[in-house]
Amino acid sequence: MSEGPVLYEASRLEVHYRTLQALDIADLRVKGRVVALVGHNGAGKSTLIKTMLGLLSPHRGAIAVSDDTGQKLVPERDMAFCPENGAVFADISVEHYVKLWCRIKQGDGKHYRKAGSRYIEMLEIAPLLAKKGRELSKGQRRRVQTALGFMGDPKLFLFDEPFDGLDVQRTIQLMEIVEAERSRRAFLISSHRMDVMERVADMVVVLRHGQVACAGSVEHVTRTLLGGEEAGTLTDAMRKHLQLDCASR
C-alpha cells in the first residue's frame, strides 16, 4: 500500500523537563514524505520526537501528525521508532527477541520468516540471529531495531540519529532503504549528517534552542540560512547558522 506525505502541525507547543523549557514552538506546519529534523545538540530534536510519540506530555499546546487523508496518526498503531541508542535484550538471542516482538506486534512469532523476511534480508539480520543482544555492536543493534520497525508496517517511521557511527557502506545502504520505502511510508529523521539529509529529505525543520528557526524544502531552508545566497549546500547553511548562533551567545 502506498502512503502519501505526512503533515506535522504544532501550535503554542511547550515541553518542559521540570523547570527547564525544552521546546517552545509557536507554530509549525510542514508536510513531507521524508522530513529531516536538524539542529545543534540540545536543540530539542529528540524531545520533539518523543512528544510526537506520546512519551512526553506538553506543558502547553499540542502537536498533531496526520496522513494525507487528514486522519491523525496514533503512535501505538501507526508509528515506529528507532532511538539513537536502541537496545536488544542482552541475555537472549536476537532470534528469540525478534520472535517475541513479532508475537506482540503481529500475533505471529514467525512473521519475520514470512511477510517480514524482506527486512531481515534487506538489513542483513540473518547472520545476527544466533547472537545474544550483548554481543551486538551499536550499529548491529540499530539494524535489528530498524528491521523490527519496518515489520510493524508503520505509516510513519521516526529515526533518531540513524547514521551515527555507520561506515560509508552502511550509510549508503540505509539511504537506499529509505529511498525504497518512501512510497510505502513517511519518515522523520533526526540527524547531524547534512550531506545525507540533503540527498534523502524533501522537507527540513531546523530547531534552535527549542524553537523552529526555519522550516520548508531543502532549497528554501538552505537559501534562508545562507541569507538569500543561491549557491551552497545544506551543510554550508547549517555551518553558517551554527556560527551565527555561537556568535550571538
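**Fold and local features of the predicted chain**

At 29% relative accessibility, E198 counts as partly exposed, a class that sits between buried (under 20% relative accessible area) and exposed (over 50%), with a 1.4 Å probe and protein chains only. This residue lies in helix α7; helices here are DSSP runs of H or I with at least four residues, strands are runs of E with at least two, and both are numbered from the N terminus. Leaving aside residues up to four places away in sequence, E198 touches V218, T233 and L234, where contact means heavy atoms within 4.5 Å.

A word on the model itself: it is predicted, so local features need pLDDT of at least 70 and side-chain atom pairs count only at pLDDT 80 or more, while totals for chains, interfaces and linings use all residues. Residues are numbered from 1 along each chain as its sequence is written, and side-chain values use heavy atoms, with hydrogens and water left out.

Overall, the chain has 9 helices and 9 strands. Its radius of gyration is 18 Å, close to the 18 Å that the globule rule gives for 249 residues, so the chain is as compact as a globular protein of that length. That radius is taken over C-alpha atoms, and the rule is 2.2 Å times the number of residues to the power 0.38. Along the principal axes, the C-alpha atoms fill a box of roughly 50 × 40 × 35 Å. Of the 249 residues, 49% count as buried. Among contacts with a separation of 6 or more, 67% come from residues 24 or more positions apart.

Turning to helix α6, residues 168–181 make up its 14 residues, and the span from first to last C-alpha is 20 Å, close to the 20 Å expected at 1.5 Å a residue; the expected value is 1.5 Å times one less than the number of residues. Its buried residues are R170, T171, Q173, L174, M175, I177, V178 and E181. The cover over them includes β3 (34–39), α4 (117–122), α5 (138–151), β7 (186–190) and α7 (194–200).

Two loop residues have positive phi without being glycine. For D153, in the loop between α5 and β6 (156–160), phi is near 50°, and the residue is exposed, with a relative accessible area of 51%. H209 has a phi of about 50° and is found in the loop between β8 (203–208) and β9 (211–217); at 40% relative accessibility, H209 is partly exposed.
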